[in-house]
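Hi there,

Here is the model I promised to pass on. Have a look at it first, and my notes follow below.

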Amino acid sequence: MEDTYARPIDYLRLSVTDRCNYRCQYCMPAEGITKLAHSDLLTLEEMAEVVAAAASLGIRKVRITGGEPLVRLGLPSLVAAISHTKGIEEVAMTTNGSLLSAFAEELKAAGLDRVNISLDTLQPEKFARMTRLGTLSDVFDGIRAAFAAGLTPLKLNVVLLGGVNDEEIPALAELSRRYPLEVRFIELMPMLGASGFGREAYLPCRTVLDRLPALLPDKESGVAQLYRFPDGVGRVGLISPLSHHFCSRCNKLRLTADGHLKPCLHSQEEISVRGLHGDDLIAALQTAITHKPREHGALSWTEPSEAGRRMNEIGG
Ligand code: SAM
Ligand code: SF4
């Protein structure tokens with residue numbers, strides 16, 4: 001289905017939980033969150049029903065996210081239901097990777113095509129500080145497990161944080177020279193959870209090109225501009241929500257774990273699907289698609305997102 005601005009909407013980001021075993025400094029408060037009770041969450045069956053309705057309107061790709069999707073019990077059964085849904089061509093997941101070594105094979109067998117794994121630093125102590133609860137070696141185990149299970153092409157999501165991980169840009173990008181994966185640098189977004197960061201943290205993606213003059217332009221892929229090293233087997237992707245809006249190419253709808261469709265990541269507008277079935281559910285999805293704004297407001301370290309929720313609730 002097309003939205004009001006003739007953009008085909010074929011991609012659903014599905015947040016399966018707001019909970020997480022990490023507390024990344026730019027996403028969640030140190031003490032965690034207490035907002036959603038288990039009874040507030042959609043059941044996995046309800047999520048599968050929303051996906052089926054969305055597929056009937058032209059959604060072709062689903063990305064499972066969170067919170068940390070792998071802390072939601074029964075996730076492989078949801079993956080299986082989505083991958084068997086008529087019209088769905090790709091099921092992907094964004095994860096912090098910490099629990100992936102235990103689930104990679106099962107998820108692949110259930111129909112998961114590929115994963116994006118978040119990895120902002122290669123230094124164990126810094127990783128523990130940035131995630132507050134994480135252990136870097138768990139994520140490396142998850143990356144190995146993803147390759148072994150064939151959850152590829154694999155992408156690593158790196159949020160650029162000036163003064164925190166910018167000196168690691170060469171080391172992180174180097175992974176794409178040596179391994180068949182995409183290292184995606186993402187500009188920090190001024191979400192609720194990122195309010196502790198000052199101007200210096202908000203690095204534009206062109207910093208990556210300044211630091212790595214050897215990178216050659218490749219192609220554009222979705223929201224990422226791709227580059228590669230002349231002798232690299234993988235790619236470097238730049239995702240610039242602040243310095244280059246990509247609203248004109250937006251193809252997404254988002255569903256929060258408590259059952260609210262978000263027409264735009266950076267808007268407070270939400271449309272509830274709780275308790276809706278059949279034609280009512282389809283109508284809610286159509287409303288969300290037609291309510292997608294042409295573009296969102298300015299974002300900068302002084303102009304916060306109007307999302308009204310933290311990233312762990314929306315799913316990024
Ligand atoms: N827990 C999973 C993970 O970390 O991959 C999935 C959910 S997380 C909210 C999805 C993505 O959003 C991650 O790649 C994370 O780094 C990114 N993210 C979270 N807060 C962000 C922010 N303020 N700016 C930019 N990216 C952010
Ligand atoms: Fe958890 Fe992902 Fe948010 Fe980090 S970015 S706190 S891993 S949801």
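Helices (H or I, at least four residues) and strands (E, at least two) are DSSP runs, numbered from the N terminus. This is a predicted model, in which local features need pLDDT of at least 70, side-chain atom pairs count only at pLDDT 80 or more, and totals for chains, interfaces and linings use all residues. Residues are numbered from 1 along each chain as its sequence is written, chains are lettered from A and ligands numbered from 1 in the order in which they are written, and side-chain values use heavy atoms, leaving out hydrogens and water.

Let me start with helix 3. Gly111 comes after helix 3 and has a positive phi, near 120°.

Now for ligand 1. It is surrounded by 19 residues (a heavy atom within 4 Å), and the closest are Tyr26, Gly67, Thr95, Ser118 and Met189. One nitrogen atom of ligand 1 is 3.1 Å from a polar backbone atom of Gly67, and a polar side-chain atom of Glu68 lies 3.3 Å from a nitrogen atom of ligand 1.

Ligand 2 has Cys20, Tyr22, Cys24, Cys27, Met28, Gly67 and Asn96 around it.

Best wishes

How values were computed:
A polar contact is a pair of N or O atoms within 3.5 Å; within protein, one must be able to donate a hydrogen and the other to accept it, and residues adjacent in sequence count only if both atoms are side-chain atoms.
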